[in-house]
Amino acid sequence: RQIRARALRLKPCPVPTIYVAATALDMDLTQEPEMAFLVEFLMSSGVELPAGWEVQRVPADPLTGEKGDRWNFSNVISGNEGTVHPYRAEVLTVRIQVARRTAEIIE
């Protein structure tokens, strides 16, 4: 409740925006409605990347001329790099933890 209240104080998000963002994070809120708070919090925070992360557009390929429509994310602290948005990885971690805890409670 506290997380949701903080998110709403920062910047309320319309439900369609939450669903679009959830899709971008590989989440199906029709299957996992309990995870909507996480998407809402990320959207409300106004922070596009976690601390220490930078984003750069992958340039066009000089041989084929294909335009660069991909992004490369890099962490200046750890040196990690990749094409997956860091929030997507964080959301996956939270989803795994929630599923694991849910299984423990059910058993």
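**Burial, salt bridges and strand pairing in a predicted model**

Tutor: Buried residues make up 23% of the 107 residues in the protein chain; a residue is called buried under 20% relative accessible area, exposed over 50%, and partly exposed in between, with a 1.4 Å probe and protein chains only. This is a predicted model, in which local features need pLDDT of at least 70, side-chain atom pairs count only at pLDDT 80 or more, and totals for chains, interfaces and linings use all residues. Residues are numbered from 1 along each chain as its sequence is written, and side-chain values use heavy atoms, with hydrogens and water left out.

Student: How many helices and strands does the protein chain have?

Tutor: The protein chain has four helices and three strands, arranged from the N terminus as α-α-α-β-β-β-α. Helices (H or I, at least four residues) and strands (E, at least two) are DSSP runs, numbered from the N terminus.

Student: Why is Ser 74 called buried?

Tutor: The relative accessible area of Ser 74 is 15%, so this residue is classed as buried. Ser 74 belongs to strand E2 (residues 71–75). Beyond its neighbours within four places in sequence, Ser 74 is in contact (heavy atoms within 4.5 Å) with Gly 52, Trp 53, Glu 54, Asn 80 and Glu 81. For the protein chain, 44% of the contacts between residues at least 6 apart in sequence join residues at least 24 apart.

Student: Why are strands E1 and E3 said to stand at the edges?

Tutor: The open sheet of three strands has the order E1-E2-E3, with antiparallel pairing. Strand E1 (53–57) and strand E3 (81–82) each have a single partner strand, so one side of each lacks a neighbour in the sheet.

Student: How many bridges join E1 to E2?

Tutor: Five bridges join these antiparallel strands, E1 and E2, and pairing requires that DSSP find at least two bridges between two strands. Within E2, Trp 71 is the bridge partner of Arg 57.

Student: How do you know that the span of helix H4 agrees with its 21 residues?

Tutor: The expected span is 1.5 Å times one less than the number of residues. For helix H4 (residues 86–106) this gives 30 Å, and the end C-alpha atoms are 30 Å apart, which agrees.

Student: Which residues are buried in H4?

Tutor: Pro 86, Tyr 87 and Val 91 are buried in H4. Viewed down the axis of H4, the buried residues fall within an arc of 130°, so they line one face of the helix; the arc is that of the directions from the helix axis to the C-beta atoms.

Student: What puts the buried residues of H2 on the same side?

Tutor: Ile 18, Ala 21 and Ala 22 are buried in H2. They cover an arc of only 105° around the axis, which puts them on the same side of H2. Pro 16, Val 20 and Thr 23 are exposed on the other side of H2.

Student: What is the phi of Asp 26?

Tutor: Asp 26 has a positive phi of about 60° although it is not a glycine. Most residues other than glycine have a negative phi. Asp 26 is placed in the loop between helix H2 (15–24) and helix H3 (36–45).

Student: What makes the meeting of Asp 26 and Arg 88 a salt bridge?

Tutor: A salt bridge needs a side-chain nitrogen of Lys or Arg within 4 Å of a carboxyl oxygen of Asp or Glu. The side chains of Asp 26 and Arg 88 meet at 3.3 Å, N to O. Asp 26 lies in the loop between H2 and H3 and Arg 88 in helix H4, so the pair ties together parts that are 62 residues apart in sequence. Arg 88 is partly exposed, at a relative accessible area of 29%.

Student: How many salt bridges does the count come to?

Tutor: The count comes to three. Another of them joins the side chains of Glu 32 and Arg 95 (2.8 Å, N to O). Glu 32 lies in the loop between H2 and H3 and Arg 95 in helix H4, so this pair ties together parts 63 residues apart in sequence. With a relative accessible area of 19%, Glu 32 is buried. A further salt bridge has Glu 104 and Arg 101 meeting at 3.3 Å, N to O.

Student: Why are Glu 104 and Arg 101 separated by about one helical turn?

Tutor: Glu 104 and Arg 101 are three residues apart in helix H4, and therefore about one helical turn separates them. Glu 104 counts as partly exposed at 47% relative accessibility, and Arg 101 counts as partly exposed at 49%.
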